[in-house]
Structure formats: C-alpha cells, structure tokens
Amino acid sequence: MNANDIAFGIEIETHMPGTDRTPIGGYHNGLPVAWLPAGWKAERDGSIRTPAGRKPCEFVSPVLRGYEGLANVETAVDAIKERGARVNESCGLHVTVSWNGDAAALARLISLIANHEGAIYASTGTKRRERTHWAKQIKSYGNKDAAKTRCERDRYHLLNLTHLAAGRNRIEIRAFAGTLNKTKLIGYIQMILGLVELALNTKRCSGWDYAKKPGTKSCWDRPDAGHGETELNRLFYRLGWTKGWYKGELRNKRFGELSVGEQTCDWKPVKKKLLELARKYDQAV
C-alpha cells in the first residue's frame, strides 16, 4: 500500500481567546467549525491548561488522504491561527492513521516505532513528551509482544493501540508536542505515514534494540551531533528521506511521501525544521 492510500487525521490541542464564539463540543463529541474546511470539529480536552482569559479547544480533522489532505491541514492551520489560537506546554498533537495490516505487519510496525522511538521524541524539540504520562515510551517493555499488550490496554503511550483492540481499524501516535507550525505538521504526518507504509510493504521485522558495534561509523553519524539528532538522521535514512539505506528498486523511494501528479512535498524545509528540533531536544535538560 502506498502512503497516498493511507487515511490519516490529526488532533491539535490549543487554547483560544475567551471571547471567541466558536461552539466547542464535549470530549469526543466535537461540534462542526463553520470557519474551517468541511468536517473539522472543535471539542474540549481536560488536559489543556489555559492562561487567564483563554479557553481550551482541541481541533479534530476529518479523515484525510494524500497530498490534498496535507493541503487541507495547511488551510485549517492558517484559519486556526488567524482565529487567535495558541499552544503551550500542556498541548499535544495526535496523528491517527488507518490500519489494515495483518498481525505480522503490526508486529513490524511496533518494532519499527520502538526502534526509532528516540527519533520520534527528538523531532518534538522537547523532552517533556517522553517524560509525560500522556505519551509513555514503549521500548522499555522489552519486546514487541509485551509492548503490544500494554499499548492495547492503555492509550497513554507513544503508540496507542486501544482503538485497534476494540475492533476499529486505526492507530494513534501521541508523541508530538502541540504546534501550529505547518512545516512541523507536514513532517510529523509524513513521518508516521512512512513508518506505517514501511511496515505494510516490507517483510523483515526490525530489531527491538539498535546497537552499533563499538568503533564503527554509520552513514547517519554527524560530527558533534547529539543523540536525538543522530537518531533522527538514522530514521531519515530508514524512510529513504536521505539516500543511502536502500539499493535497487527502493533506491529513490521515500516512505511517507504524499503527492499528486508531479507535485510533492518540499523535503528540504521539512528535514531542516525537524533537525533543528532534534538539536533543541539535545540541548534540553
């Protein structure tokens, strides 16, 4: 399955001016937002802490696909910012992806996410997300079976499998910090779609732990790079966003790439922004 065929959605946690009259529904009972593209809803979320004179609001997208889906997100974010929405440290960003793979593909996805957990957290630019109760790490569970069990029972993980366990064909990634930066959003969406596409279309299950032999140098190593930046560069190679990992027919493949006709995402600003965030992550205490 190609990334263009995988449905996705996002949930953007924000706080709005207290004077804004946008109807906000209850938790998981959002109300349509007239000033956003069709299908977007607004709902309350008790985890959002608001400054004085502000009110919490989570914007939930409809089911989206492909390059047109990214354009829809960009249009919505412009309108949300224009309306006066902001984010703070209590806000998160969730990416939901449709899932139609078999048990073996799910095992590959869980292993991929655990193997590249460091890169995903590093791309947020903060260490708060991996330390929070709302997006717990999974690599510490030791293997894909144990992680699957925990993520099916408790949605507050980097990888939420509770929807899948309940018979609904979707998974959720909860790792990202709240943002209204469109470049970040495009990067996060395509990163997750890339991992899903990779799990669905390959046969090899990634090792749970990555350990480089002492004294060896890998193509993704950079002089003076911190752990987060190194892990993100490794993920870029794994997804084909940086050439060098794949040979043959996959040599020019970018997993997670969304396109329509000749139009594709401009990868340079996306990679630049995510690497900036990884460096910020490495400097965080």
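Contact here means heavy atoms within 4.5 Å. With that in hand, here's a quick tour of this predicted model. The protein chain folds into 9 helices and 9 strands.

**Overall build**
- The C-alpha trace of the protein chain spans about 60 × 40 × 40 Å along its principal axes.
- For 285 residues, you'd expect a compact globule to have a radius of gyration near 19 Å, and the 18 Å of the protein chain agrees with that.

**The largest pocket**
- The largest pocket holds about 960 Å³ of space.
- It's lined by 45 residues, and the closest to its centre are Glu-11, His-28, Glu-58, His-94 and Glu-172.
- Strands β1 (8-17), β3 (41-43), β4 (54-60), β5 (92-98) and β7 (170-177) each give two or more residues to the lining of the largest pocket, and so do helices α4 (128-131) and α6 (162-165).
- Sorted by class, the lining of the largest pocket has 18 polar, 15 charged and 12 nonpolar residues.

**Helices α7 and α9**
- Two packed helices are described by the angle between their axes and the distance between the axes.
- For α7 (residues 182-201) and α9 (residues 267-283), the angle is about 95 degrees and the axes are 9 Å apart.
- An angle from 65 to 115 degrees counts as roughly perpendicular, so that's the label for α7 and α9.
- On the α7 side, the contact uses Thr-183, Lys-184, Ile-186, Gly-187, Tyr-188, Gln-190 and Met-191.
- Facing them from α9 are Trp-267, Pro-269, Val-270, Lys-273, Leu-274 and Leu-277.
- By class, this contact of α7 with α9 comes to 8 nonpolar, 3 polar and 2 charged residues.

**Helices α2 and α5**
- Helix α2 (residues 103-115) crosses helix α5 (residues 144-153) at roughly 90 degrees, with the axes coming within 10 Å.
- The contact of α2 with α5 has 4 nonpolar, 1 polar and 2 charged residues.

Notes
Residues numbered from 1 in each chain as written. Predicted model: local features only at pLDDT ≥ 70, side-chain atom pairs only at ≥ 80, totals over all residues. Heavy atoms only, no water. 1 Å grid on protein atoms, 1.4 Å probe; cavity = no way out; pocket = protein on both sides within 12 Å on 5 of 7 lines; lining within 4 Å. Points joined across faces, edges and corners; volume = space filled by probe spheres on them. Helix = DSSP H or I, 4+ residues; strand = E, 2+ residues; numbered from the N terminus. Nonpolar A, V, L, I, M, F, W, Y, C, P; charged D, E, K, R; others polar. Axes fitted to C-alpha atoms, helices over the stretch in contact; angles between N-to-C directions. Parallel < 35°, antiparallel > 145°, perpendicular 65-115°, else oblique. Rg over C-alpha atoms; globule rule 2.2 N^0.38 Å.
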